[in-house]
Amino acid sequence: MAKTHITLSINGNEVEALVEPRTLLIHFLREQQNLTGAHIGCDTGHCGACTVEIDGMSVKSCMTFAVQAQGAHITTIEGVANPDGTLSALQEGFRMMHGLQCGYCTPGMILRAHRLLQENPTPSEEEIRFGIAGNLCRCTGYVNIVKAIQYAAAKINGTPFLEAAQ
Amino acid sequence: MNKQTPIDIDRAERTEKLQGMGCKRKRVEDIRFTQGKGNYVDDLKLPGMVFGDFVRSPHAHARIVSIDTTRAKALPGVIAVLTAADLKPLGLHYMPTLAGDVQAVLAEEKVLFQNQEVAFVIAKDRYIASDATELVDVVYEALPCIVDPFKSMLPDAPVLREDIKDKMVGAHGPRKHPNHIFEWQIGDKDATDAIFANAEVTIKEMLVDHRTHPSPLETCQSVASFDKIKGELTLWGTFQAPHVIRTVVSLISGLPEHKIHVIAPDIGGGFGNKVGAYAGYVCSVVGSIVLGVPVKWVEDRMENLSTTSFARDYHMTTELAATKEGKILAMRVHVLADHGAFDACADPSKWPAGFMNICTGSYDIPTAHLVVDGVYTNKASGGVAYRCSFRVTEAVFAIERAVEVLAQKIGMDAAELRLKNFIKAEQFPYHSALGWEYDSGDYHTAMKKAMDTIGYAELRKEQAAKRAAFQRGETRELMGIGISFFTEIVGAGPSKNCDILGIAMFDSAEIRIHPTGSIIARMGTKSQGQGHETTYAQIIATELGIPADDIMIEEGNTDTAPYGLGTYGSRSTPVAGAATAVAARKIKAKAQMIAAHMLEVHEGDLEWDVDRFRVKGLPEKFKTMKEIAWSAYNSPPPNMEPGLEAVNYYEPPNMTYPFGAYFCVMDIDVDTGVAKTRRFYALDDCGTRINPMIIEGQVHGGLTEAFACAMGQEIRYDETGNVMGASFMDFFLPTAVETPHWETDFTVTPSPHHPIGAKGVGESPHVGGVPCFSNAVNDAYAFLNAGHIQMPHDAWRLWKVGERLGLHK
Ligand code: FES
Ligand code: FES
């Protein structure tokens, strides 16, 4: 199949590639770019395991063709840690609050939470729950994911994180 | 008040540094998972790797007239197309199941369920493989199908399994009909019938635990790589039980077991889905052996939901006999078990209905009888333990719904009825009427704590007021209070009654202390998100006094890990956790001898103190485990072999019996059928608690899956055997919005026979959660004489209940 030339930026690196028009972005990232952090949980746009950030939006990369990313700025989980290699506030929050178990939903969940906090730096529990409704987790039951995002918000905002008493 | 001495403070500091049992240690795994550096099967990329994809049947039951692969093979990029005709000469068109049946790998003469595997296309990339599946021309002749298990054994029912139609004795005894798989019974039939004949009160209800699916977020997948020169096969896959897979692969492929390297890397959730062996694994192996290149197979979500491992589908006629005062005298249960097209239940060999005989629950029911009939239908096979020990969710659902039905019939409070019938703390170890020996429990204490915490009496008052308001037409909302008090049976199991393919269900741990005092330990189990790398290290840290951060846990590589039966049925902590403690104690015993030599005292003069052996009465004379480790390699006592390591294969003397008290408060809008969980409180007793943070996480996750099953999740078929809703569009997986907030609590009743007293917890919340939700819904409608309302309780079905009861006028 004839290939299309694309240029884009992934985690701050300029990338040039030849892709088939039908190649999905998730496969391009995972198989051609070896960025296997984003996962495939459903291939129908329901689970959010494949979530990446494209030009300031959360995007399910199983619903996007690689050619659509021409000229885009993409952030994947591999580009989320702090520049010095330490865990970002969100990554740390997920670990501290036990916001993950099998880890399969985690990269998508963190990317989604990242965008959520950009748009709403001090979300309520309800806003967080609505904000991550496009990302399914089979393991955690979400309570600790909510806490992880609250932890990260507090850390970013420099406010104290008070774990809601049960 | 005890005054803390400097020694106590020092000891507390040293204990804290270990991060051993009981502390909320943060997970080791999360460092890689939060950075997208997990290593899941589909992440694997090998030179020359090709991709396989299945051609699947559109029919539920059909004869295969012909398969023509010409067009598919002609597509550029297609390397091979396998059909049953290719596998048959190798004897691989069928594979053995764990339940003593055989299962088609690729359909030969007939297909028996929709989406059954018919051909396996191998191509150079996954897109071409997928294209080519549409170019395989299969001609089918449709046959009448059976979807309703109650029609399986009708005299004129079509015979589904022609391959075994003359075999009237199956793996579990005689078969009554060609579509019958087994009849399994236990208990005293005559005594039970006699009690029922004379009982003051009896209840009888058909309780359906409907067909659903574990659906971990990662589907099933494998990569097989056969080295033709060495004759060695490496198989990476989503395996909850990698050693068992290695043995199965050896048995069916004829490759010697030492030349098979099975590796289960990180697994994206299992919940029972990844215990069995699937056609995709076999076809990737055959493909790689034939082609000599690595072959990857990755299931898509529709394939996952419609082919690999359904759960439940138990139709349970449940009866209780009792006195007017609510003392339960006997239980009688008949189960019709829909196993689908092949009997591929992942149960221990001697247990065709799993541990369904735990169905007398937490109650002292002196007499009981249980019969289970398994039948074939034109549905996918499986019958796995979806986040539970084998068939325990079904059993607990039966008893916990039944006691509520009884309570309603005699007009007694459902909590009071439970308290009246509980096995008492002093009755443990308790021998149940259906054959189990419950190791320990204190049900009254747990139940009373739960009732107090939730404010049970107040809730009942509020409910009475709301019911009156509803009757007066002042509200359209119904309030339900759900209760469940479950007893699980986990940690299979003792070899006298538990094996898989003849292999006793022990598990194992190997611990090796390096000269500098750090540790690598390997187990026969396999984490799928439970955090084994974190928690096993905590057990070892406490046992051996080496900080958990200096201990690496490795699982899933069958070349290096000792043989074990894997992770499912909450068996990791009860069995491999025990093996870990026992192996550590072997090391400690040797360490004590070394320390005695170093300190020039007698072994008996030493005592263990957190991370060291010290001379009794002389606390300043000690050797730390780290010092002892060095000495073990550097200058061991004369006549002692150097090194400091041990392995243990732990054969559990009994199962463990975690239990818990759950309460749910629910508000249901009768006009829309929308049910809102106002509160959910879960008190668990899993014995000794290794990591409270992880326990709480397991409880949250299990409750969420219970919520899903009870409130909407279902694998449904239409009357022609089309599977409905095999995608996340229709199959209910709760999002953060629907999922209730979970409250957790605990009591601690250690297991008397487990080396550290732990019982396992990962599945309790699912087992206890499902009936709790269903009881809440049923309780909400109970005063309207709704009768038993079957699960799942989605809004549409609850709206229909309102219709049936004439509430929408
Ligand atoms: S894989 Fe993209 S949404 Fe599920
Ligand atoms: S941690 Fe397993 S799916 Fe979310």
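**Close-up views of a predicted two-chain model**

**View 1. Buried residues of helix H5 of chain A.** The buried residues of H5(A) are Val143(A), Asn144(A), Ile145(A), Val146(A), Lys147(A), Ala148(A), Ile149(A), Tyr151(A), Ala152(A), Ala153(A) and Ala154(A). Buried means under 20% relative accessible area, exposed over 50%, and partly exposed in between, with a 1.4 Å probe and protein chains only. Because 11 of the 15 residues of H5(A) are buried, this helix is largely enclosed by the rest of the structure. This is a predicted model, in which local features need pLDDT of at least 70 and side-chain atom pairs count only at pLDDT 80 or more, while totals for chains, interfaces and linings use all residues. Residues are numbered from 1 along each chain as its sequence is written, chains are lettered from A and ligands numbered from 1 in the order in which they are written, and side-chain values use heavy atoms, with hydrogens and water left out.

**View 2. Length and neighbours of H5(A).** Helices (H or I, at least four residues) and strands (E, at least two) are DSSP runs, numbered from the N terminus. The expected span of a helix is 1.5 Å times one less than its number of residues. For the 15 residues of H5(A), 143–157, this gives 21 Å, which agrees with the 21 Å between the end C-alpha atoms. The buried residues of H5(A) pack against H2 (89–96), H3 (106–119) and H4 (125–131) of chain A, together with H17 (692–711) of chain B. After H5(A) comes Gly158(A), with a positive phi near 70°.

**View 3. The interface of chain A and chain B.** Contact (heavy atoms within 4.5 Å) involves 51 residues from chain A and 57 residues from chain B. The two chains bury about 4600 Å² between them, 54% of it on carbon and sulfur atoms; buried area is the accessible area (1.4 Å probe) that two parts lose on being put together, summed over both. A salt bridge is a side-chain nitrogen of Lys or Arg within 4 Å of a carboxyl oxygen of Asp or Glu. The rule finds 5 salt bridges across this interface. Arg30(A) and Asp42(B) meet through their side chains in a salt bridge, at 3.7 Å from N to O.

**View 4. The surroundings of Gly687(B).** Gly687(B) lies in the loop between strand S35 (675–685) and H17 of chain B. Gly687(B) is buried, with a relative accessible area of 0%. Not counting residues up to four places away in sequence, Gly687(B) touches Val748(B), Thr749(B), Pro750(B), Gly757(B) and Lys759(B).
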